[in-house]
Amino acid sequence: MMDVLDAPSPSGQVRFDVSPGGVGRVVLDRPRALNSLTLALVDDVIARLTVWRSAPAVHVVTLAGAGDRAFCAGGDVLTARADILAGHPERAAHFWAREYDLIDLVASYPKPVVALQHGYVMGGGLGLSAHARHRWASPDARFAMPETGIGFFPDAGISRLLARAPGETGTYLALTGAIVDAPSARYAGLTDLLLPTEALPAALEALERGAAPGEVGAAYALPTTESDLEADRGWIDPCFAGDDAARILARLSTDPDPRARACADLLRTRSPLSVALALARVRAATRDPDARAALATDRRIARAFMHDGDFVEGVRARLVDKDEARWRHTNQKDVTPAEVTSFLD
């Protein structure tokens, strides 16, 4: 049975092993691609977690990324775009569906899952790790849902977490795709604690000895301090209130705080349709009872948005040609409520 538990992944894009102490270790192994999620990688992890779920030899699971640059920078959006352009949007839709299946599996896993968040933790990588039962972030971790910058929307069930962040900080993160550090991510509810890099070996050894993940994390965590995100609530909360993205942009543009005006400049580079949808999704996500419900909604939106959103153009501009995107709306006021509602219904 142990040979099955420790068998290599078919894709070679992820490493698995079970330690003598019963720790099942998953390491995303595409460091040159910042451990971005491919369909093969996702399928491999789903298959292995399914085996480990009922294996007595596995007591706890850890999720990590290979290399020192990223836990996971997101899904393989270049391949998804290529599938759409080749006339096979169903392939892209299948990838998103399987990614959401994996996140759902992690969120509902019957055994403790510990996500080791370091480096870039973005998009699908944030969805995969933030839904784990225990989230340990290293001080170098950088978090974001950058989807509005590529003409998509904050998916992977993260809108449900952002909807529950203090004040309007979750709205700010959803609309702008801003990158925040580990203390700000903890404040927003995207991680549980900061674990010094030098303490990680001892923490993992404690898991090997059978210590509960919650006790281990508490023993080695850095003290909680005020984050930049918390400090910025003086302008974030009033500017990002309400359900009208155009009004949010207007308030940011005229706020006396220079950080708010800089945020307005950032927001103008995002897809207006994606920004409007992100706002509506965060507001609606307050009613999602759990991760599974949030992912079901995201699955439906993703399928529609690939056809009628700015995804193909956004990926082209940001990752292929690296120039200015030509969004289908020239400014935020051009997006109508009916357009946004069509994706949510």
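1. Helix 7, which spans residues 169-176, is mostly covered, since eight of its eight residues are buried (buried means under 20% relative accessible area, exposed over 50% and partly exposed in between, with a 1.4 Å probe and protein chains only). The buried residues of helix 7 are Thr169, Gly170, Thr171, Tyr172, Leu173, Ala174, Leu175 and Thr176. Gly177 follows helix 7 and has a positive phi, near 70 degrees. Helices (H or I, at least four residues) and strands (E, at least two) are DSSP runs, numbered from the N terminus.

2. A word on the basis of these points. This is a predicted model, in which local features need pLDDT of at least 70 and side-chain atom pairs count only at pLDDT 80 or more, whereas totals for chains, interfaces and linings use all residues. Residues are numbered from 1 along each chain as its sequence is written, and side-chain values use heavy atoms, with hydrogens and water left out.

3. An open sheet of six strands, with mixed pairing, has the order 1-2-3-5-7-10 (two strands pair if DSSP finds at least two bridges between them). Strand 1 (14-18) and strand 10 (193-194) each have a single partner strand and stand at the edges, so one side of each is left without a neighbour in the sheet. Helix 10 (residues 213-220) packs on this sheet, where it touches strand 3, strand 5 (113-117), strand 7 (134-137) and strand 10; contact here means heavy atoms within 4.5 Å. The direction of helix 10 makes about 25 degrees with that of strand 7, and such angles run from 0 to 180 degrees between N-to-C directions, with axes being lines fitted to C-alpha atoms, for helices over the stretch in contact.

4. Within that sheet, strand 2 (residues 23-28) pairs with strand 3 in the parallel sense over six bridges. Arg25 has Thr62 of strand 3 as its bridge partner, and Leu28 has Gly65 of strand 3. Strand 3 (residues 60-65) is largely enclosed by the rest of the structure, because six of its six residues are buried. In a regular strand the side chains alternate between the two faces of the sheet. In strand 3, Val60, Thr62 and Ala64 point one way while Val61, Leu63 and Gly65 point the other way, and all are buried.

5. A second open sheet should be noted, with four strands in the order 4-6-8-9 and mixed pairing. Its edges are strand 4 (70-72) and strand 9 (180-181), each with a single partner strand, so that one side of each is left without a neighbour in the sheet. Strand 6 (residues 120-122) and strand 8 (residues 142-144) run parallel and are joined by three bridges, and the bridge partner of Val121 in strand 8 is Phe143.

6. Helix 2 (residues 39-53) packs against helix 4 (residues 89-107) at an angle of about 30 degrees, with the axes 10 Å apart. That makes helix 2 roughly parallel to helix 4 (angles under 35 degrees count as roughly parallel, over 145 as roughly antiparallel, 65 to 115 as roughly perpendicular and the rest as oblique). The residues that meet include Leu39, Val42 and Ile46 in helix 2 and Phe95, Leu102 and Leu105 in helix 4.

7. Pro183 lies in helix 8 (residues 182-188) and is buried, with a relative accessible area of 18%. Leaving aside residues up to four places away in sequence, Pro183 touches Leu194 and Ser227. Pro183 and Cys239 are 56 residues apart in sequence and 22 Å apart in space, C-alpha to C-alpha.
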